[in-house]
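Please have the sequence and the model open while I talk.

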Amino acid sequence: MVSIKASYKEMQEMLGKQLSIEQLEDLLSFAKSEIDQYIEEEDMLVIDIKTSNRPDLWSPEGMIREIKGILEEESGIPEYEVKESGYVVKVDPQLASTRPYIACAIAKNISLTDYYIKQIMQLSEKIDYSYGRRRKRSSIGFYNLSMIKSPIEYKVIEETHEFIPLEQTEKMSLDRILEEHEKGREFGHIVKEYGHYPILLSADGTTLSLPPVINSNDVGKITEETTGSLIEVTGTNFETVNVVLNILCQVLVTHGAEIYSVKIEYPQDIYNESVITPLFDKEEIEINLDIVNKYLGTKIKPKDAAKLIAKRRFNCNSIDGNILTIEIPPYRKDILHWVDIAEELAIALDYNKIDPTKWKVLTTGGLLPETESENLVRNILVGAGGTEVLTNILTDPEILTTRVNIDNQDYVKIENPVTSTYSVMRKMIYPLLINVLSKNTHETYPQMLFEVGEIVKLIDKKVITQSNAAFLCADADASFEDVHKRLNQLLSLLNTDYEIRQVNHPSFTEGRCGQIIIENKECGIIGEIHPSILENNQIWVPVVGFEIELPLIPSLKCKVKSTY
Amino acid sequence: MSNLEKKISLPSEAVKIYQIIDENSNISIRGLEKQTKLDRGKLEYYLGFLVTNELISRLEIVSHQISLTNNGKEAAENQLVERRIAKILKEKVSVSFADLSKLVKAENKEMNAGVGLLKKQGLIKIDKDQISIIDKKKEVNKKLQIILEQLLSGETADTSDFNEILLQRNLASFEEVKDILLEILIPYKQMSSSIQKMSEVSRLTPEMIRDGSWRDTRLREYNLKASPPTFYGGRKQPYAEFLDEVKQKLCALGFKEMRGPVVELEFWNFDALFQAQNHSAREWSDVYQVSNPKQGKLPKADYVENVKKAHENGYDTGSKGWRYKWDPLKSAHLVLRAHGTSISARTLVDLEVPSKYFSISRCYRPDTVDVTHLSEFTQVEGIVVDPSITFRDLLGILKAFAVDIAENENFKFKPDYYPFTEPSVELDVLDPNLGWIEFGGAGIFRPEVTKPFGIEAPVIAWGLGIERLFMVKNGITDIRELFSHKFDWLRTAKMSRG
């Protein structure tokens with residue numbers, strides 16, 4: 001999901017009509033977008049766009065292009081004239097293995113208000129971040145055309161090369177930019193992986209930028225005064241840089257800019273011919289309407305399909321019986337298969353005007369035996385007076401270790417936790433129940449609580465998920481008997497013989513703790529929680545409890561699930 | 001039927017009280033308390049029998065009860081101050097005020113009052129500082145003294161002429177006392193032959209049941225208005241119980257349950273679902289990566305090779321694919337299940353056709369936990385497969401979810417996006433308070449997802465926003481409460497159904 005800000009007033013102006021927020025939201029749904037909030041004082045809409053593969057929709061201009069199709073005010077692929085600029089970009093063969101591709105265009109006669117400059121910057125940032133994979137796959141640059149001379153060189157240069165980066169007043173060398181400039185620290189790692197510095201140079205030696213890190217402060221920005229601009233996209237994927245350039249040109253055209261092409265001269269190592277950008281590859285896809293109708297459950301006729309697809313800003317180039325040849329707009333590389341066209345047709349029909357069928361796939365439903373087994377245990381433990389709780393499987397290592405007297409153990413851990421509170425997977429439940437007790441010391445005793453839930457363990461280098469049941473009883477009079485009798489009832493109702501074998505366990509008082517043994521296997525623990533733990537957790541009454549591994553109770557149907 | 005004709009069963013204590021009331025006309029409850037030495041609660045209980053049987057009636061009265069103040073008590077015990085002064089004066093010709101005070105042993109204020117009073121009554125004369133009595137034989141305030149002494153000893157005293165003085169001199173105070181007068185309606189004599197005495201106990205014992213003595217025994221009535229002691233029996237967690245209901249409803253709609261591991265291979269979480277390996281959803285900010293261990297193992301199966309092809313060139317689906325080199329090592333990375341769809345993906349292996357499945361699973365995203373975000377949350381997901389199923393059927397299924405699970409007839413569909421379905425739909429339902437809220441999403445699995453598993457039939461994938469539904473139904477605004485540790489909530493939260 002991508003989130004952008006746009007002016008409510010400007011959106012209505014671009015659509016040429018007054019719309020309530022609700023009406024606008026209904027229309028935006030056709031652009032897979034929704035209004036997250038409306039900040040009235042700022043006339044600002046926060047719009048969420050649900051697609052991660054449609055960067056063409058990440059601007060008000062893009063959404064409105066889509067809406068105008070639905071309203072039948074415009075149709076088919078939007079076209080605009082592109083004139084030759086005579087500008088050339090020469091690409092250095094050394095870039096072949098690092099960041100080889102570039103797409104450029106020149107926009108003239110632009111007069112952008114501050115608002116639309118900010119809009120274009122917002123769009124560029126969103127594309128760089130998400131579609132451009134944080135500038136790794138692609139990044140965008142805008143320049144003041146009047147300061148640039150052709151041919152432009154896109155080449156590798158030594159680290160001592162200097163220029164004034166954006167928001168700075170003095171020249172900095174490239175390696176210094178990576179170390180010291182804010183953007184250098186943010187994106188420098190991309191360049192460092194290359195092992196060399198890519199740079200864009202004007203014919204007169206002026207530095208345009210160090211892609212994908214930072215533009216030059218003199219040339220690399222546009223303002224309300226800018227009338228001509230060079231737009232450039234560099235990246236690791238030929239298709240991506242061209243799609244991004246197309247999206248940007250399309251937006252500028254909406255505001256009256258004239259677009260001029262740039263010739264990209266690639267060396268053989270990168271691309272076997274020169275490319276004129278923006279590139280309009282006329283990509284087509286054939287669909288069989290019979291198959292599409294069967295897929296959607298509809299009866300769309302070929303002529304209607306042609307109209308519907310035009311509403312979605314595609315062109316229908318030919319109809320041959322039930323075979324339609326559809327031309328894809330150059331800014332849409334999300335169309336991989338005819339099912340993608342099927343969706344476009346369904347959206348053009350309006351989902352709410354397609355009649356839902358009655359429920360028809362007749363099958364028998366049911367819970368898995370393991371869920372039924374867990375429910376059995378839950379019911380018995382509720383009958384035993386337990387209050388059920390749900391705690392997290394992903395939890396705080398402290399709760400699992402120091403707070404229950406256990407040394408750091410072999411937990412399945414998270415590499416990128418947001419906070420240590422959620423950073424390891426529990427392999428026992430009772431430590432979390434003790435944590436719950438520690439937060440309820442002001443509540444009436446006795447407190448009896450239980451959880452039947454999943455835990456994650458490493459066994460023989462395999463990660464497994466299984467269900468355990470844990471029951472704790474806290475009360476001034478709590479004694480071992482209180483949980484022993486409940487465990488006994490649980491296992492006898494489950495028709496399971498067991499014995500308790502005395503054992504020492506750091507969480508429990510010595511001599512007051514035992515392993516639960518079923519068929520000679522250790523499958524749980526029962527006992528009185530050690531007073532040091534109670535003190536540590538500020539629980540001022542005795543606590544007794546047990547935890548048992550459900551897959552080891554033979555009469556239950558709980559299974560251990562291995563990830564691989 | 002008149003009371004005279006019927007037999008009346010009364011506890012023996014009640015009969016005794018009946019007799020007392022009959023013998024002491026117009027006795028009050030207070031009087032009865034003294035006489036029977038029963039406490040008020042018990043007395044009321046027995047009187048209840050007499051009143052309900054219309055043997056006596058109750059009449060509320062208000063009386064003024066007089067009681068001595070500390071001053072009054074002292075005067076009753078040591079004589080009124082004017083009497084003490086008079087007594088001294090009777091023994092002497094004349095005494096100065098100062099000497100008199102010493103002899104009477106009274107404070108100045110009291111002395112002044114006593115002397116003043118005697119002078120007013122014309123019993124003494126004061127010549128300069130010398131005080132002398134006029135008539136040595138005359139008794140001073142004798143009646144008042146007698147009344148005080150009577151009040152002190154608790155005898156009945158006729159104070160009517162002295163009320164004002166007693167109050168003025170702060171010797172006594174009057175209290176308003178409410179009492180209940182008991183009047184006999186039917187004299188005991190008339191009733192005695194109709195009364196049966198019954199014994200009465202508070203507890204039914206096993207012996208009483210066995211020996212049949214319960215028949216002659218009255219079980220004392222309980223106080224049904226008293227509030228009961230606090231009690232917290234065992235119960236299920238409210239949200240878990242709600243999930244149980246959802247499972248039940250899905251089973252009733254013909255869905256079979258599926259489950260999967262919490263720690264997942266990227267293969268099942270992403271690759272099998274045709275999410276390109278450089279897709280932004282696979283980055284650190286969007287999915288929890290497991291560090292111990294980092295790597296699992298891919299299954300040894302043809303479908304892994306097919307999935308690779310689907311990514312690289314579309315496999316034999318007619319798709320362009322993502323056109324990059326697919327990395328099996330990346331695919332074997334371990335992550336925390338980011339969505340329940342990974343369980344659906346696992347179910348695609350040897351999928352039964354037709355079939356319908358659901359899962360309710362814990363899923364994980366590296367979000368900062370706040371009012372609307374959990375880092376561990378619940379997803380309800382599933383699939384429906386049938387060779388004849390269409391997009392219209394998918395809308396039909398969503399409609400059934402709106403009606404049967406959200407219990408809401410007001411719903412609408414919106415275009416949506418999932419990397420693994422096409423077309424994709426969002427289901428919104430209209431909440432009377434919150435407006436349109438998203439309740440579910442669905443789509444038809446892309447052929448790049450299903451074909452690698454040898455599935456030719458369309459597979460509908462769906463998911464429901466069940467947490468939101470629970471919150472809306474229960475007026476919860478903070479999503480963290482679903483996993484609340486508060487005993488207060490766990491013990492007292494209302495059941496979501498009914």
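Let me start with a question: how many bridges join S21(A) to strand S11 of chain B, and do they run parallel or antiparallel? There are 2 bridges between S21(A) and S11(B) (residues 290–292), and the two strands run antiparallel. In that pairing, A:Ile414 stands opposite B:Val290. When I say that strands pair, I mean that DSSP finds at least two bridges between them. Helices (H or I, at least four residues) and strands (E, at least two) are DSSP runs, numbered from the N terminus.

Some housekeeping before we go on. This is a predicted model, in which local features need pLDDT of at least 70 and side-chain atom pairs count only at pLDDT 80 or more, while totals for chains, interfaces and linings use all residues. Residues are numbered from 1 along each chain as its sequence is written, and chains are lettered from A and ligands numbered from 1 in the order in which they are written.

Now the rest of that interface. Chain A brings 76 residues to the contact and chain B brings 85, where contact means C-beta atoms, placed from the backbone, within 7 Å. On the chain A side, at least two residues each come from H8, H10, H11 (369–383), S19 (387–388), S21 (413–414), S23 (447–459), S24 (462–474) and S29 (561–562). H10(A) gives the largest share, 7 residues. By class, this side of chain A has 31 nonpolar, 26 polar and 19 charged residues. For those classes, Ala, Val, Leu, Ile, Met, Phe, Trp, Tyr, Cys and Pro are nonpolar, Asp, Glu, Lys and Arg are charged, and the others, Gly among them, are polar.

Let's stay with H8(A), residues 289–296. Its residues A:Leu289, A:Val292, A:Tyr295 and A:Leu296 are buried, that is, 20 or more other C-beta atoms lie within 10 Å of their own; 12 or fewer would be exposed, and anything in between partly exposed, with C-beta atoms placed from the backbone. Seen down the axis of H8(A), these buried residues fall within an arc of 120°, so they line one face of the helix. That arc is taken over the directions from the helix axis to the C-beta atoms. As a reminder, an α-helix has 3.6 residues a turn, so residues three or four places apart point the same way.

What do the buried residues of H8(A) pack against? In chain A they meet S16 (283–288), H9 (302–311), S18 (323–328) and H10 (338–349), and in chain B they meet H17 (391–405).

Stepping back to chain A overall, its secondary structure comes to 15 helices and 29 strands. Its radius of gyration, taken over C-alpha atoms, is 33 Å, whereas a compact globule of 564 residues would have one near 24 Å; the globule rule is 2.2 Å times the number of residues to the power 0.38. The C-alpha trace spans about 90 × 65 × 50 Å along its principal axes. Of the 564 residues, 47% count as buried.

S1(A) and S3(A) (residues 44–49) are joined by 6 bridges, and A:Ser7 has A:Met44 as its bridge partner.

Finally, is A:Arg501 buried or exposed? A:Arg501 counts as exposed, because it has 10 C-beta neighbours inside 10 Å. A:Arg501 lies in S25(A), residues 499–502. Leaving out residues up to four places away in sequence, A:Arg501 touches A:Gly514, A:Gln515 and A:Ile517.

Technical notes. Two residues are in contact if their C-beta atoms, placed from the backbone, lie within 7 Å.
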